[in-house]
Amino acid sequence: MSKRVVVVNGPNLNLLGKREPEIYGTRSLDDLNKTVEAKAKELGWDVSLFQSNHEGEIIDFLQQHAPGSVGIVINPGALSHYSLALYDCLQALALPVVEVHLSNIHAREEFRSRSVTARAARGVITGLGFVGYELALEYLAGQ
Ligand code: DQA
């Protein structure tokens, strides 16, 4: 049975390509998913992709689909800055987690530089755009 990785994008990331392109770029979520799928394929993994604008849906998805996977790559979007429920969920799953942000959260508004979910992650990749997701997958491959 082939290995599987879980890749989750949070609120507003469905708007990639249209949303503040000067910050998030002009490529869409579909383009991002293709990049992730190509990298996962290179590593010999299946990938469970999910995006939602709803905290509870993300938690439900993770509880259902993360167990048995090699790990989680997650861009929680703004949930990073306040969702203790998502933090608790990631902790409870006890899998390697890499948190990714497309933009550099430390170079923007002050409220963005604090991530409560990052405490549940092995590491955070911020500001490297799509490449951040590929690097996160590579990290998980080395675990
Ligand atoms: C983001 C950064 C967050 O502060 C923001 O709320 C997002 C996207 C990023 O990928 O840079 O929705 O996670």
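This is a predicted model: local features need pLDDT of at least 70, side-chain atom pairs count only at pLDDT 80 or more; totals for chains, interfaces and linings use all residues.
Residues are numbered from 1 along each chain as its sequence is written, and side-chain values use heavy atoms, with hydrogens and water left out.

Polar contacts are pairs of N or O atoms within 3.5 Å. An N or O atom in the side chain of Ser 103 is 2.6 Å from an oxygen atom of the ligand. For the side chain of His 81 the distance to a ligand oxygen is 2.7 Å, and for that of His 101 it is 2.8 Å. Of the 320 Å² of accessible area that the ligand has on its own, the protein covers 98%; such areas come from the Shrake-Rupley method with a 1.4 Å probe.

Two residues other than glycine have a positive phi. Glu 20, with phi near 35 degrees, sits in the loop between strand 1 (4–9) and helix 1 (21–24). Helices (H or I, at least four residues) and strands (E, at least two) are DSSP runs, numbered from the N terminus. Ala 94 has a phi of about 50 degrees and belongs to the loop between helix 4 (84–93) and strand 4 (97–101). Ala 94 is exposed because its relative accessible area is 66%, where exposed means over 50%, buried under 20% and partly exposed in between (1.4 Å probe, protein chains only).

Definitions and conventions
A polar contact is a pair of N or O atoms within 3.5 Å; within protein, one must be able to donate a hydrogen and the other to accept it, and residues adjacent in sequence count only if both atoms are side-chain atoms.
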